[in-house]
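Q: Hi, could you walk me through this structure? I'd like to go piece by piece and ask as we go.

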Amino acid sequence: MAAQRRNLIQSHQSWTDDLPLCQLCGVGTATNCEYGPDGKGTQSHPNEDGHLRFRGEDGCFLYGVFNGYDGSRVASFAAQCLTAELLLGQLNSSHTDSDVRRILTQAFDVVEKSYFETIDDALAEKAHLSNYLLPHNENVTFHQNQKVQERLKELEQEVSGGAMAVVALILNNKLYIASVGTNRALLCKSSSDGQNQVLQIGRPHSTDNEEELQRLAALGVDSARVRQAGQIAGQTSTRRLGDYRVKFSYGEIDLLSAAKSRPVVAEPEIHGSQSLDNVTGFLLLLSEGLINALESAHGPEQANQEIVAMVAAELALQSSLEAVAQSVVERVKRLHHDVYVSGRQRAPFCSRHEDMTLLIRTLDPPQGDGAPAQGGRIYPVSVPYSNSQSTSKTSVTLSLVMPSQNTLTNGTNTASTLEEGTPTPRSQSPTATLQSTNTQTQSSSSSSGDGRLFRQRGSQAAKPDETGRVPPYVDFTQFYRLWGGDHSEAQSAHGGLGPQ
C-alpha cells in the first residue's frame, strides 16, 4: 500500500519533468532558524516550503509558493499535482475568465482529494491500531502495546501536516491569483511619473480576517473564541491544503466541534483577471515565513513597501533574477537577526523565524524570455541601496494600495477582481519614504558607482529610535542627474523605467 502511495506521488512528478522552467522569474529561500542567547542560530527542522515556476504552451505561465508545516509532504505534493492539473492541456488561450476561475478551483479540489488518497491506507491502519489499543482490550501485552505505539507514531508522521499556497497564473497576458491560507501576492506597477504602486492581492485567510470569521460563524463556530485563540490546530490559517485533523476530525477539536460542516477548507480565493498589457514592474509571491520575519522585525505597517523597495533596489544591482530573490531573502534574514541581537523593543518578537521563500516574476521584460537589460542589469526602478553584508539601507517612495474586503463564501469563487484594487485618492493612499536599517549605517555607492551620492553627516547623523529606524538623510539629486545622463537611452527603450 505504501508503494502505491509513493507511485501516485511520483507519477505527478514524472508528468511535469519535461515542462520548461520560466526564465522570467527567480526564487530565493532560507531555512528556519532559532536564535540562542549568544545570537547564533540553529535550524530546528528541514525546509518545509515549496515552489513552482513553469512555462506552459499557448502563452501560459504558472508560479506558486507553498508554505508547509509538520513536514514538507503536502507542499511538495501540491506543487507537483497542481502543475499537472493546470499545464497538461487544461488551459488554452480560448478560455474565458470564468473558465479560468473554474479550472483553478477544480485543480485545488483535485490536489486536496488526491493527497488524501495517498494517505488513505495509512489513515485506515492508524484507526485500526487505535481501536486495538482500547483500554478494555486485556489481550494486549506490554510488548505488543509498545510495538503498536511505535507504529502509530510512524503513521502519524506520515499522514500529518498541511500547506498554505499562493498561485499566480498568466494566460493571454492576464494575471490570476489563487490563494489558500496566509501566503501573500504583491503586484508592483511602475507608473509614468516614476512612482511605484504596490497592490496586495487578496487578504490572508487567518483568524483575524473578518470575512473568514463570518464564514466560520455561519457554520456554527464561535468566531470570538477563534479570534481570541489566534490559531486553529497550531496554525493561524483558516484555509489550508491537507491536514487531516482539521478536515476529518474537526469534531474532536474544541474550537471547531460545533461546526455543522467542514470549517477549514482548501477552496482558493481567486482574484483576476488583471491585464498585463503595457504593465512594467514585477510580481512577488511570498511565503508566510518571509512575511512574518519582516513584520516581526519592523512591524506590519510598512512590510509590503519595504519588501518591494528591497526587490527594486536589487533589480538595479544584480545580473540575474535568482540573485535578486536570494539577496532579498538574505537581507530580511539579516535584518531579523540584527533586531534580535540589538535587544530593542521588537527583539522579543524575533527569537526565531520559519522557512522563507520569495518568488519574483518581472513584467514586460526588455529582451524576450528572461533576457536582462543592457549591460546584464535589469532596471525596473532606480533606488539607492547599500548591499553591504554588515550594513544596509533602502529608501524609496511608493504608493500603497490595500485591497478592498469582499464577501467570501464557502463553495464559490470570490467576485473580487484585481481591477478593484485601484489607487485611492492621494489623501487615502499613503505615500511613505521607506527605511530599513540594520544596527549601523555607512557610506555606500549606488548602482551608478558614485559613492558621493551617500553623504554621512558625521556626529550630527540621526540616531536610531527604539525600533531601529532613522530619518532619511540621503540626497538623491546627483543620482537622478547621473541617471538621466547615463541611462536616458535605456529608459526610452524599456518603457520609461527609473526616475522621470
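Predicted model: local features only at pLDDT ≥ 70, side-chain atom pairs only at ≥ 80, totals over all residues.

Q: Let's start with the open sheet of three strands. What is its strand order?
A: Happy to. The order is β3-β2-β13, and the pairing is antiparallel. The edge strands are β3 (41-42) and β13 (352-353), each of which pairs on one side only.

Q: And how many bridges hold β2 and β13 together?
A: Two bridges, with β2 covering residues 33-35 and the pair running in the antiparallel sense. To see one of the partners, look at Cys 33, whose bridge partner in β13 is His 353.

Q: Which helix packs on that sheet?
A: That's α11, residues 321-342. Helix α11 touches β2 and β13, and its direction makes about 20 degrees with that of β2.

Q: Staying with α11, at what angle does α10 pack with it?
A: About 135 degrees, with the axes 9 Å apart; α10 spans residues 303-317. Because of that angle, α10 counts as oblique to α11.

Q: Is the crossing of α10 and α11 left-handed or right-handed?
A: The crossing of these two, α10 and α11, is right-handed.

Q: Which residues in α10 and α11 meet?
A: On the α10 side they are Ile 307, Met 310, Val 311, Glu 314 and Leu 315. They meet Leu 321, Val 324, Ser 327, Val 328, Arg 331, Val 332 and Leu 335 in α11. By class, the contact has nine nonpolar, one polar and two charged residues.

Q: Now the other neighbour: how do α9 and α10 cross?
A: Their axes come within 10 Å and cross at roughly 110 degrees, where α9 is residues 288-298. That angle is why α9 is called roughly perpendicular to α10.

Q: What meets what in α9 and α10?
A: Leu 290, Leu 294, Glu 295 and His 298 in α9 meet Ala 303, Glu 306, Ile 307 and Met 310 in α10. That contact divides into five nonpolar, one polar and two charged residues. Ile 307 and Met 310 of α10 turn up in the contact with α9, and Ile 307 and Met 310 are also listed in the contact with α11.

Q: Switching to strands, how many of the residues of β12 are buried?
A: Six of its six, so β12 (residues 281-286) is mostly covered, buried meaning under 20% relative accessible area.

Q: Which way do the residues of β12 point?
A: Gly 281, Leu 283 and Leu 285 point one way, while Phe 282, Leu 284 and Leu 286 point the other way. In a regular strand, side chains alternate between the two faces of the sheet. Here the residues pointing either way are buried.

Q: What about pairing: how many bridges does β12 make with β8?
A: Six, in the antiparallel sense, and β8 covers residues 184-190.

Q: Last topic, Leu 82. Where is its place?
A: Leu 82 sits in helix α2, residues 73-86.

Q: Is Leu 82 buried or exposed?
A: Buried, because its relative accessible area is 2%.

Q: Which residues does Leu 82 touch, not counting those up to four places away in sequence?
A: Leu 82 touches Leu 62, Phe 66, Ala 107, Phe 108, Val 111 and Val 167. As for distance, the C-alpha atoms of Leu 82 and Asp 109 are separated by 9.7 Å, and the two residues are 27 residues apart along the chain.

Conventions:
Residues numbered from 1 in each chain as written. Heavy atoms only, no water. Pairing = 2+ DSSP bridges. Helix = DSSP H or I, 4+ residues; strand = E, 2+ residues; numbered from the N terminus. Contact = heavy atoms within 4.5 Å. Axes fitted to C-alpha atoms, helices over the stretch in contact; angles between N-to-C directions. Parallel < 35°, antiparallel > 145°, perpendicular 65-115°, else oblique. Left-handed = near helix turned anticlockwise from the far one by under 90°. Nonpolar A, V, L, I, M, F, W, Y, C, P; charged D, E, K, R; others polar. Buried < 20%, exposed > 50% of the residue type's maximum accessible area, 1.4 Å probe, protein only.
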